[in-house]
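Please open the model in your viewer and keep the selection panel at hand. The tour below moves from one selection to the next.

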Amino acid sequence: MKICIDPGHGGYDPGAVNHNVGVTEKALSLKIAALLGGELASRGYDVFFTRELDQFIPLGFRTRIANNEKADLFISIHLNAAADPAAQGIETWYYEGSRESERLAAIVQRELKDQFLAKNRGIKSTRGFYVLKHTAMPAILVETGFITNDHDIAYLVNKVHQKEIATAISNAVDEFVGTA
C-alpha cells in the first residue's frame, strides 16, 4: 500500500505562526510528517512525501504527486490557528461525499483524541480544501492542534508527543486497511 504524506505549507509560506514560542506550522508539520512516514514505513507501507525539505510546493503539484504515484491514501498534516487563544483541539477533514475518506478521518480522529487527550473537535467535511478535492484516493487533512493555544503548542513542540501523534495516525491507517 502506497501512502502519500503531505506536510502542510513550506518555503515562503510558513502557515500559522506562534511568535511567543517561535514556531511555524511549516516546521512542525514537516517534523510530524517525517515521524509519521518513518512509523508507517516500519510497518511495511510504501511511503512518499509531497515535500521533505522546507520548500514551497504548490497545491496542484502536491495532488499531482499523489495521483501520479498512484497513492492508496493521502494524509496532509497541519496545525490550526485562531485569533482566540482559547481555541484548541484536534480535527480531521475529509472531502464531502467521499465515504472512504470519511471513514479514515473518523478512525484517525478517534486514535488522536485517545492519544492526545485534547479537545475533540471531530471530523469535518468540506468541498473547499484543494488537496482533498483533487486527489484520486481517500484523503484527509489532520489539524494536529492549535499553534495559537498554550496547551496544544506545549504538546506539539515535544518530540515524544510528536511521535505519539505519528503512532496514533499509523494505528488508524492499520485499522483502516484491516491490518490492526
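Which residues lie nearest the centre of the largest pocket? Select His9, Leu59, His78, Val131 and Leu141, which lie nearest that centre among the 19 residues of the lining. This is a predicted model, in which local features need pLDDT of at least 70 and side-chain atom pairs count only at pLDDT 80 or more, while totals for chains, interfaces and linings use all residues. Residues are numbered from 1 along each chain as its sequence is written, and side-chain values use heavy atoms, with hydrogens and water left out.

**The pocket**

A pocket is here an open set of points, on a 1 Å grid over the protein atoms alone, where a 1.4 Å probe fits, with protein on both sides within 12 Å along at least five of seven lines; lining residues have an atom within 4 Å of a point. The largest one holds about 240 Å³ of space, a volume being the space filled by probe spheres set on the points.

Next, colour α2 (59–68), β5 (73–80), α4 (130–133) and β8 (139–146), the elements that each give two or more residues to the lining of the largest pocket. Helices (H or I, at least four residues) and strands (E, at least two) are DSSP runs, numbered from the N terminus. The largest share of that lining, four residues, comes from β5.

**Two loop residues**

Return to His9, which sits in the loop between β1 (2–7) and β2 (17–18) and has a phi near 65°, a positive value in a residue other than glycine. Then select Lys70, in the loop between α2 and β5, where phi is near 55°, again positive in a residue other than glycine.

**Helix α6 and its partners**

Now show helix α1 (residues 25–42) together with helix α6 (residues 159–177), which pack at an angle of about 50° with their axes 8 Å apart. Axes are lines fitted to C-alpha atoms, for helices over the stretch in contact, and angles run from 0 to 180 degrees between N-to-C directions. The angle therefore makes α1 oblique to α6, the term for angles that are not under 35 degrees (roughly parallel), over 145 (roughly antiparallel) or 65 to 115 (roughly perpendicular). Their contact (heavy atoms within 4.5 Å) includes Leu28, Ile32 and Leu35 of α1 and Ile165, Ile169 and Val173 of α6.

To see where they meet, select residues including Leu104, Ile107 and Val108 in α3 and Ile165, Ala168 and Ile169 in α6.
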